[in-house]
Amino acid sequence: MAEPFITAKDLTYTYSGDDGESTTALRGVSFTVSAGEYIAVLGHNGSGKSTLAKLLNGILTPGGGTLTVSGHKMTSEMTDEEIFAVRRDVGMVFQNPDNQLVATIVEEDVAFGPENLGLPREEIRRRVDDALKAVGMYEYRNSQPHRLSGVQKQRVAIAGVLAMMPKCIIFDESTAMLDPRGRADVMNTVRKLNRDFGMTVLHITHYMDEAVQANRVLVISDGILSADGTPKEVFSDVEALRRVGLDAPQGRELMHALESDGIRFSDKPISAEECAACILARYQHANGICGGKEKEVFGK
Ligand SMILES: Nc1ncnc2c1ncn2[C@@H]1O[C@H](COP(=O)(O)OP(=O)(O)OP(=O)(O)O)[C@@H](O)[C@H]1O
Ligand SMILES: [Mg+2]
């Protein structure tokens, strides 16, 4: 079997502040990620998500335990070339696109990464065009980034990472500053990268409806990995989520409230559509529309 793309074993990280105060952000986190997975990373504010992201692309190095990313053992002894190789394989998109755009013309911005790779001109041209097309920003290639909307800027930032052709992209709350339409837009791009280009995706988010779209969900709570499973597995345990300060997606929350009221469902769906269908079926069942022995439960 192929080596996992990421292997973390007992990974710890402690920040030491100037004032001598230290904060342990990760404490003994272990997991593996296979190439091509689409993973959502959830956790309360300050739980250690960004710290994990920074360890994965070599901005930080592990304080304890081991971390291997794309065949590279991440340590403080890594050479600049090794760190560069990891960053070429693992791209990062942050929350605020304004901090990520560096050039005055969109296509120059997207070319910045590939130029640093020292690629031939034609190859850079092709990568820039392909990346801009992949995020639907090709017709804005000659625009000035500061004239674009927030979501357009974020798409250009994603194109800049794509042009490096990384094996994996980490989105660290990259949709947090966008309106709901903009969020949906960027999420479509993220799904496409995973589905059509086989890119490994780690998506750090506070939005449960976004996490539902992943194949797997990791929950970090106070520096500890508190859940690791499919969205259905992780979100079916509403009480466990609450204990770490998170809510389930809205449909699951509604069903959980009904369950607490004594109403039983045969399934624990998580998407809004599936929850609506499940509640409707239960209602029809209880009211004899399709016949049903648990009629009294829903009618109380
Ligand atoms: N540069 C730093 N120096 C000292 N402590 C830090 C630093 N960066 C983060 N921390 C602390 O480490 C812990 C984890 O922070 P981290 O940014 O990884 O959390 P997060 O899950 O990304 O939070 P958020 O949801 O707010 O982005 C927090 O207690 C935070 O205050
Ligand atoms: Mg963060």
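Guide: Leaving aside its neighbours within four places in sequence, threonine 205 is in contact with Val41, Leu42, Glu210 and Ala211, where contact means heavy atoms within 4.5 Å. This is a predicted model, in which local features need pLDDT of at least 70 and side-chain atom pairs count only at pLDDT 80 or more, while totals for chains, interfaces and linings use all residues. Residues are numbered from 1 along each chain as its sequence is written, chains are lettered from A and ligands numbered from 1 in the order in which they are written, and side-chain values use heavy atoms, with hydrogens and water left out.

Threonine 205 sits in the loop between strand 8 (200-204) and helix 7 (208-211). Helices (H or I, at least four residues) and strands (E, at least two) are DSSP runs, numbered from the N terminus. Threonine 205 counts as buried because its relative accessibility is 2%; buried means under 20% relative accessible area, exposed over 50%, and partly exposed in between, with a 1.4 Å probe and protein chains only. The side chain of threonine 205 makes a polar contact of 2.8 Å with the side chain of glutamate 210. It also reaches the backbone nitrogen of tyrosine 207, at 2.9 Å. A polar contact is a pair of N or O atoms within 3.5 Å; within protein, one must be able to donate a hydrogen and the other to accept it, and residues adjacent in sequence count only if both atoms are side-chain atoms.

An N or O atom in the side chain of histidine 206 is 3.2 Å from an oxygen atom of ligand 1. Two further side chains place a polar atom by an oxygen atom of ligand 1: lysine 49 at 2.7 Å and glutamate 173 at 3.4 Å. Taken alone, ligand 1 exposes 640 Å², and the protein buries 61% of that; these areas come from the Shrake-Rupley method with a 1.4 Å probe, and for residues only the protein chains shown count as cover. Strand 2 (22-33) and helix 1 (49-56) are the elements that give two or more residues to the shell around ligand 1. Helix 1 gives the most, with 3 residues. In total 13 residues surround ligand 1, the closest being Gly46, Gly48, Lys49, Ser50 and Thr51; a residue is near a molecule or strand if one of its heavy atoms lies within 4 Å of it. By class, the shell has 2 nonpolar, 9 polar and 2 charged residues. Here Ala, Val, Leu, Ile, Met, Phe, Trp, Tyr, Cys and Pro count as nonpolar, Asp, Glu, Lys and Arg as charged, and the others, Gly among them, as polar.

For comparison, consider another threonine. Threonine 189 is found in helix 6 (residues 180-197). With a relative accessible area of 9%, threonine 189 is therefore buried. Apart from its neighbours within four places in sequence, threonine 189 is in contact with Ala134 and Val135.

Alanine 276, in helix 11, has 45% relative accessibility and so counts as partly exposed. Alanine 276 and leucine 254 are 22 residues apart in sequence, and their C-alpha atoms are 9.7 Å apart in space.

Helix 11 (272-286) is also part of what covers the buried residues of helix 10, as are helix 8 (231-236) and helix 9 (238-243). Those buried residues of helix 10 (residues 250-260) are Gly251, Arg252, Glu253, Met255, His256 and Leu258. Glycine 262, with a positive phi near 95°, follows helix 10.

Glycine 118 follows helix 3 and has a positive phi, near 70°.

Now the chain as a whole. It has 12 helices and 10 strands, and 49% of its 300 residues are buried. Its mean pLDDT is 91, with 96% of residues at 70 or more; pLDDT is the predictor's confidence in each residue, from 0 to 100. Confidence is highest in strand 4 (residues 64-69), at a mean of 98, and lowest in helix 12 (residues 295-299), at 45. The pLDDT is below 50 over residues 292-300, a stretch that has 17 contacts in the model beyond near neighbours in sequence. Where pLDDT is low, the predicted coordinates should not be read in detail.
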